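Subject: Structure for your review

Dear colleague,

Please find the sequence and structure below. A summary of what was found follows, and I would be grateful if you could read it with the structure open.

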Amino acid sequence: MALSDIAEQLEKSDPSLARYNRQMLWEPIGIAGQKKLKASRVLMVGCGALGTVLANTLARAGVGHLTIIDRDFIEINNLQRQVLFDQQDIADQLPKAVAAKKKIAQINSDVQVEAVVADVNHTNILNYAGGCDLLLDGTDNFETRFLINDVSIKLNIPWVYGACISAMGLAMVIRPGITPCLRCVFETVPPPGMNPTCDTAGVLGPTVNIVASWQAMEALKLLTGNINAVSRYLFSFDCWDNRYQQLNVAKARDIADCPACKHHNYEYLSGKFASSTTTLCGRNAVQISQPAGSKINFEQIAVGLKAVGSPSFNKFMLKCTINEGQGERQRQHELTLFADGRAIIKGTNDASVARAIYSKYVGA
Ligand SMILES: [Zn+2]
């Protein structure tokens, strides 16, 4: 029987598979692969540029369960590349994870999505990663990537790294114990300010789509059990100058004395390198995190903020532009406060200024 006939028969017996017909026609996936996708659980860390393309692609492909963690809210300059969001989400002041869940429900309601509005860090990542088949990198910083890397090795779950800036991209599949890990290849986090970011050097939509689509393709291979097809190279490209490379990193594991995959010393997961204040590079903003379990009463805080601005809030977050001082000494900061007590303060790169604003208007 031809594969197309099998796919047709199966659709008749299980109409929920009809939407995947074109995907099941690809023999290495077929019906068995489709069922594996439906049974799989994926953790997506970060739902910005790469994350929205990944979530969109995997939800359409029929991955059964997606946990999406993101700490941020949506801004107008995100819409150029963050494909799951629109202007209404900004008007509704939806956090990215919540907006993504809402969109996916419209695209494929068979996919179970857990939206987590939180800063993923060493205190909480294991709560979300346990029981997952795959971890996906939709982050924009090395600290979180090394944290994912530690979790991947500790729990023996593969993950797919992805990064992009301007017209350049990098991506790699990490399979614990089989391939080099991210720390075998990169060793340490670049110091703050040393690396250009999307906010300083810009990023083009197609760059994001190429990296995230490469990650999604490897994800489909891993989740459907097509292990032999999975890339063992570091994929690198500059699509403005039309340079594409597959770098052989197989020896990196032998050469590097990797603390993570050789010594099982999880320096990021243990909190050794964790920070509670993060300068959001290039964004003129600082994030302040709170210990897990913190809770915020927006109503109460809004009352206090009325003296210096016009706060608005919904059940997810509170926003307020804070005006302080007069004349030449006048300063303006934008406070975004989340229900778990975490805040992003725009208008400064100085952690102490941000902490002062937080303690003054939110409480220490
Ligand atoms: Zn390693």
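Helices (H or I, at least four residues) and strands (E, at least two) are taken as DSSP runs and numbered from the N terminus. The model is predicted: local features need pLDDT of at least 70, side-chain atom pairs count only at pLDDT 80 or more, and totals for chains, interfaces and linings use all residues. Residue numbers start from 1 along each chain as its sequence is written.

Eight strands make up an open sheet of mixed pairing, in the order 3-2-1-4-5-6-7-8. Strand 3 (112–117) and strand 8 are at the edges with a single partner strand each, so one side of each has no neighbour in the sheet. From one strand to the next the twist averages 15°, where axes are lines fitted to C-alpha atoms, for helices over the stretch in contact, and angles run from 0 to 180 degrees between N-to-C directions. Two strands are said to pair if DSSP finds at least two bridges between them.

Strand 6 (residues 168–174) pairs with strand 7 in the antiparallel sense over four bridges, and Ala171 stands opposite Phe235 in strand 7. Strand 7 (residues 233–238) is also paired with strand 8, again in the antiparallel sense, over six bridges. Leu234 has Leu247 of strand 8 as its bridge partner.

A residue is counted as buried if 20 or more other C-beta atoms lie within 10 Å of its own, as exposed if 12 or fewer do, and as partly exposed in between, with C-beta atoms placed from the backbone. Of the six residues of strand 8 (residues 243–248), the number buried is zero, so this strand lies largely in the open.

Contact between two residues requires their C-beta atoms, placed from the backbone, to lie within 7 Å. Helix 4 lies across strand 1 (41–45), strand 2 (65–70), strand 4 (134–137) and strand 5 (159–165), and runs at about 170° to strand 2. Helix 8 (residues 142–155) packs on the sheet as well, touching strands 1, 4, 5 and 6, and its direction makes about 170° with that of strand 4.

Helix against helix

Helix 4 (residues 49–61) packs against helix 11 (residues 205–223) at an angle of about 40°, their axes being 9 Å apart. Helix 4 is therefore oblique to helix 11; angles under 35 degrees count as roughly parallel, over 145 as roughly antiparallel, 65 to 115 as roughly perpendicular and the rest as oblique. By class, this contact has twelve nonpolar, four polar and no charged residues. Here Ala, Val, Leu, Ile, Met, Phe, Trp, Tyr, Cys and Pro count as nonpolar, Asp, Glu, Lys and Arg as charged, and the others, Gly among them, as polar.

The axes of helix 4 and helix 6 come within 10 Å and cross at roughly 25°, so the two helices are roughly parallel to each other. In this contact Thr52, Ala55, Ala59 and Arg60 of helix 4 meet Ala100, Ile104 and Ile107 of helix 6.

Lys101

Lys101 belongs to helix 6 (residues 96–107). It counts as buried because it has 23 C-beta neighbours inside 10 Å. Not counting residues up to four places away in sequence, Lys101 touches Ile68, Val113 and Ala115.

Yours sincerely
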